[in-house]
Each structure stands twice: as C-alpha cells, then as structure tokens.
Amino acid sequence: MTTIDVTRSAQLAEVAAEAATAVGDMLRGAFRSRPEVDYKRDRHDPVTVHDKAAEARIRDIVLAAEPDSRIVGEEGGAVGEGRVEWHVDPIDGTANFAHGLPFFCTSIGAVVDGRVVAGAIYDPLRDDLFTATPTGAWHNGRPLASVGAASEQQSLLLTSYPSAREIRAAPERAVRRQTDLIIEYQTLRRIGSAALSLAHVATGWADAALGIGVSSWDVAAGSLLVTAAGGHYLGLRPNDVETDRAAWRERGYFATVGTLDPAGSTAIEAFADTHRPVSLI
C-alpha cells in the first residue's frame with residue numbers, strides 16, 4: 001500500500017518537471033544535427049550520445065533534490081538506493097530525434113511502494129510540459145481533462161505496432177492485427193514515442209494509444225498522466241503469465257480518452273489470443 005500524501009506527490013512532480021525541462025536546451029540544440037547513432041538490440045533500437053548525456057543530467061538533478069532515490073534509466077540502468085524509484089527515459093523516440101522528425105520527449109515517473117505517484121513528460125520542441133500526481137494532471141500548468149471521441153469509428157489511434165521483431169516472430173498474426181486496427185479506427189498513426197502518445201491521449205489530442213514491447217520508463221509517467229486526466233490505462237499482460245505486478249509494469253498497454261470505453265475494443269480483441277487487459281488500479 002502506498003503511503004504518500006498530496007503535498008509529497010506534488011513535490012516529486014516538481015522534481016520530475018525540473019529534471020525533464022533541464023535537458024530541453026541540450027535536446028533542442030542537438031535536434032536535426034544528424035548525430036552519430038549506436039544500436040542496442042538491433043538497428044531498430046538506436047541510441048545517441050545525447051540520450052546518455054541527458055540521462056546523466058537528469059540523474060544528477062533528481063539525486064541532488066531527492067537523495068533517498070533509485071534511478072531506473074533506459075541508458076544507465078539502475079543507480080542508487082532509496083524509497084523513491086524514478087523511471088527515466090531521456091529521449092523517448094530516439095529514432096525520430098536522430099532523423100529530425102519532431103516527435104520525441106523526456107519522460108520521468110516517480111514510484112513509491114510500487115505505485116506511480118508523480119510524473120512529468122516534456123516535449124522540448126513545443127515546450128509542452130505535462131505533469132501529474134494522483135490528484136490531477138496539467139499541461140503547462142493548466143488542468144487537463146482527457147476528452148475526445150466516443151467511438152472507435154471516430155478515433156485517432158497512435159501505435160508503433162507491429163515492430164520488426166513482432167513481424168518476424170508471427171507475420172500473419174501481426175498483419176491481421178494491424179489490418180483490424182486500420183479498418184476499425186478512423187485514423188491510425190505510427191508515431192514512435194509511447195510516452196508522448198500517452199500525453200496526447202491525456203490532452204485529448206489523440207483518442208487512443210497502443211503499445212507492445214514497452215519498458216517501465218516508457219509508460220510510468222504517461223500511465224499516471226492519462227488516468228489523472230480522467231482517461232483509461234490498461235496493461236496488456238501475456239496470457240501465460242501469472243503475476244500480481246502493477247499494470248504500468250506490463251510490456252504492453254492500451255490507453256484511451258475518458259470518453260472512449262476500452263472494454264470490448266478492437267485493440268483488446270485483436271490481442272486476446274496472447275494478452276489480457278489489466279487495470280491500473
């Protein structure tokens with residue numbers, strides 16, 4: 001059970017916001033510079049020196065403000081020990097960043113006792129700061145309400161499914177699922193940043209977001225942002241896995257605006273043979 005009050009959540013959200021915005025100048029300056037790219041798992045999983053530098057800067061700011069912390073970063077792994085666990089993606093959408101496509105962000109989620117209690121997502125190119133605590137969500141300081149379409153036929157879905165790995169593993173299944181999504185939703189976009197996609201669902205700029213193969217740093221802040229704004233967030237858990245882990249720790253997710261009920265959706269049905277939905281609460 002999480003034992004943290006409203007004031008403390010707000011303090012952690014301020015730290016997350018400070019750290020996320022602190023790397024904005026660095027990322028804006030490096031954007032469209034065609035940085036040298038290295039690769040992690042394969043050529044579809046790039047990393048740049050700017051990812052690593054931004055994460056180091058975020059780590060320094062967070063640990064200075066909250067010494068009783070553990071940082072779980074995409075690039076640097078786990079650093080430190082403490083009650084507050086910070087899940088950090090310095091550049092979510094590295095491929096977009098490296099190529100000069102303006103859709104990427106910095107995402108920082110604060111976790112206490114297994115629950116996300118504060119988060120910040122920052123789009124440095126648009127200077128859009130999204131913050132959340134369990135009591136509310138904000139865009140540049142203004143309260144958010146996740147309101148949009150009421151049906152799939154009216155909805156804009158953001159998803160990077162299927163990835164190259166998913167197509168190689170089960171090509172017919174991947175094509176079938178993608179076809180179902182394209183047909184049922186009004187518009188589908190492969191946009192390349194889970195965190196920023198979730199922020200767009202929280203604001204109502206997109207109606208739904210779907211991902212498979214994500215990590216905690218991709219969705220920790222965004223899962224809270226969506227639900228605190230009144231939207232829906234479901235983890236997608238493999239059917240052959242029995243666990244009590246939190247929904248935001250699942251490798252798959254489906255999120256919708258508050259006006260779009262995810263129950264019985266095409267996205268949930270398309271993955272029912274391999275995944276089941278898990279509520280965030």
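Leu 157 stands opposite Ala 208, which lies in strand E13. That pair is our way into the structure. What we have is a predicted model, where local features need pLDDT of at least 70, side-chain atom pairs count only at pLDDT 80 or more, and totals for chains, interfaces and linings use all residues. Residues are numbered from 1 along each chain as its sequence is written, and side-chain values use heavy atoms, with hydrogens and water left out.

Strands (E, at least two residues) and helices (H or I, at least four) are DSSP runs, numbered from the N terminus. E11, residues 156-159, and E13, residues 208-212, run parallel and are joined by three bridges; two strands pair if DSSP finds at least two bridges between them.

Now the whole sheet. It is open, with six strands in the order E12-E11-E13-E15-E14-E16 and mixed pairing. E12 (187-189) and E16 (275-279) each have a single partner strand, so one side of each is left without a neighbour in the sheet.

Next, helix H6, residues 171-184. Its 14 residues reach 20 Å from first C-alpha to last, close to the 20 Å expected at 1.5 Å a residue, where the expected span is 1.5 Å times one less than the number of residues. Which residues of H6 are buried? Ala 174, Arg 177 and Leu 181 are, buried being under 20% relative accessible area and exposed over 50%, partly exposed in between, with a 1.4 Å probe and protein chains only. On the other side of H6, Glu 172 and Ile 183 are exposed.
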